[in-house]
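Here is a walk through one protein model, taken sheet by sheet and helix by helix. Keep the structure open beside the text.

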Amino acid sequence: MKKLFTSESVTSGHPDKLCDLISDTILDEYLKLDETSRVACEVAAGKNTIFVTGEITSKKEIDIEKVVRKTIKKIGYFGNTDIDYKTCEIILNISTQSPDIALGSNDDVGGAGDQGMMFGYACKETKEYMPLGITLAHKLTKQLEQTRKKGIIKNIGADGKSQVTIEYENEEIKRIDTILISIQHHNNKKLQELKQEIKKEVIDKVVPKDLIDKDTKILINPTGRFVIGGPLGDSGLTGRKIIVDTYGGYAKHGGGAFSGKDGTKVDRSGAYMARWIAKNIVANGYATKCEIQLSYAIGVKEPVSININTYNTNTIPEKEIEKKVLKTFELTPQGIIKELNLRKPIFTKTTNYGHFGKKNLPWEKIIRL
C-alpha cells in the first residue's frame, strides 16, 4: 500500500523561530550566571516590535534588551524593513515564578513543575534515528541559511521554509514525491535565477539523488514573490513550531512547547528523556521504531504513567523493554535534569533545525540497556 507523508522545517529567520531563539538565548544567559535559574520566557514579534514576557526567578540579572537586540542581529535582521535590531521597540513584561508552582518543583520536593504528557520517538529510517522527511526538511533549511550567510546565494532574506513529501510503499521509503522551498528575496531578485541557485546549491547538495525521479515535484517560491517577510510579513510567537521541533508529525505530541523553559519544566525535560529512551530502544535492537509517552503531575516526582509502543516491530516483549527502561533511566524531574545536564546553557543549540537527531546533545547518546 502506498502513502504520502509530509514534514516541514523553517530557517532561524522565520518569525516563530526568531522568537524561539530569543527565548532560548535569554534562558542560556541566565543559566550561565546561575544554574538554578527558573525561566519560562515567551516572546512575540510584530512590525519592528519585540514583546518579552514570562516568569523568571534567578540570583543574577541580565540585560534582556541587549540580549534581544544581539539575537536579532545574529539572525540577520538589520538595515531592512522586516525588523531592525538597532531601532525595533522592545517591551519587557517579566515577573517571578509563582510561589505555588515553586512549592512542587523546588529542590527539596523535586516534583514536576506542571502536569502534562510528553512523547519521544525513534526509528531506523536515517542514521539519526529520525524520520526521513523531517531530517531532509531540516537539512534543506540549514543549507538554505548557510548559502545566505556565506553569500553563496545573494539577495535572499532570513525568512524561509522547506517541506518534503515522502512516498512510502508497505511502510518502506520508496521515493521523494515533492520538495517545496520558499525563501524571502530582495525586490530585484529574478525568480528563474533564484530557482536555479536553490536547485544547485541547496537541493542537489542535500537530497540523495536516488530518491528523486522524473516525477518528483520541485516547487521553489511557488507564488512567484516573497519580498516582505520576517515579523513584518507574519507575526511570530515562541512555541508555535512544535511539530518542526520534534518529529515532523510522524509521532504524537503532548502539546507543550520547549523554547524558553528551564529543565524543571517537564514539557521540555520529559520530552528530551522520552526521545533518549526511544532512541536507545531502537539503537539496542529491541525495535525498529518506537514511541514513548511519559506523563507527570505537578509536585509529584515519579511519572504518572509510561507507555511504550513499538508498532509490533519489537524483538522482545514490550513488558521486558519496559523493565529495562525503568532499570536504566531516572525518570524523576531532578533525575532527568542531572542525567541530561539540563542546568547547563545548552539550549540555543536546540532551537533551530529540530531538538532531536543532532550530534553532541545528551539525549542523543547511545548507551547499552
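This is a predicted model: local features need pLDDT of at least 70, side-chain atom pairs count only at pLDDT 80 or more; totals for chains, interfaces and linings use all residues.

The crossing of α4 and α5 is right-handed. Helix α4 covers residues 132-149, and helix α5 covers residues 191-206. Their axes come within 9 Å and cross at roughly 140°. Angles over 145 degrees would count as roughly antiparallel. The two helices are therefore oblique to each other.

Which residues of α4 and α5 make the contact? From α4 come Leu-136, Lys-139, Leu-140, Gln-143, Leu-144 and Thr-147. From α5 come Ile-198, Glu-201, Val-202, Ile-203, Lys-205 and Val-206. By type, the residues of this contact divide into seven nonpolar, two polar and three charged.

Now turn to the sheet that goes with these helices. Four strands form an open sheet in the order β1-β6-β7-β8. The pairing is mixed. Strands of a sheet pair through backbone hydrogen bonds, either parallel or antiparallel. The edge strands are β1 (2-10) and β8 (217-220), and each of them pairs on one side only. On average, neighbouring strands here are turned by 15° against each other, direction ignored.

Take the pairings one at a time. β1 pairs with strand β6, residues 156-169, in the antiparallel sense. Nine bridges hold this pairing in the model. How does the chain cross from β7 to β8? The path goes through α5, and this β-α-β crossover is right-handed.

Helix α4 also belongs in this picture. α4 lies across β1, β6 and β7 (172-185). Relative to β6, α4 runs at about 155°. So far, then, α4 has two sets of partners: α5 and the strands β1, β6 and β7.

Next comes another sheet. An open sheet of three strands has the order β5-β10-β11, and its pairing is antiparallel. β5 (116-123) and β11 (305-309) stand at the edges. Each has a single partner strand, so one side of each is left without a neighbour in the sheet. Neighbouring strands of this sheet are turned by 15° against each other on average, with direction ignored.

Look at the pairing of β5 with strand β10, residues 289-296. Eight bridges link the two in the antiparallel sense. Met-118 stands opposite Leu-294 in β10. A helix lies across this sheet as well: α8, residues 266-283, lies across β5, β10 and β11. α8 runs at about 30° to β5.

One more helix pair remains. The axes of helix α1 (residues 15-33) and helix α2 (residues 64-75) come within 10 Å. They cross at roughly 130°. That makes α1 oblique to α2. The crossing is right-handed.

Which residues of α1 and α2 make this contact? α1 brings Leu-18, Leu-21, Ile-22, Thr-25, Ile-26, Glu-29 and Tyr-30. α2 brings Ile-64, Val-67, Val-68, Thr-71, Ile-72 and Ile-75. The residues of the contact divide into 10 nonpolar, two polar and one charged.

How values were computed: Residues are numbered from 1 along each chain as its sequence is written. Side-chain values use heavy atoms; hydrogens and water are left out. Axes are lines fitted to C-alpha atoms, for helices over the stretch in contact, and angles run from 0 to 180 degrees between N-to-C directions. Angles under 35 degrees count as roughly parallel, over 145 as roughly antiparallel, 65 to 115 as roughly perpendicular and the rest as oblique. A crossing is left-handed if the near helix is turned anticlockwise from the far one by less than a right angle, and right-handed if clockwise. Contact means heavy atoms within 4.5 Å. Ala, Val, Leu, Ile, Met, Phe, Trp, Tyr, Cys and Pro count as nonpolar, Asp, Glu, Lys and Arg as charged, and the others, Gly among them, as polar. Two strands pair if DSSP finds at least two bridges between them. A crossover is right-handed if, with the strands pointing away from the viewer, the path from the first strand over the helix to the second runs clockwise.
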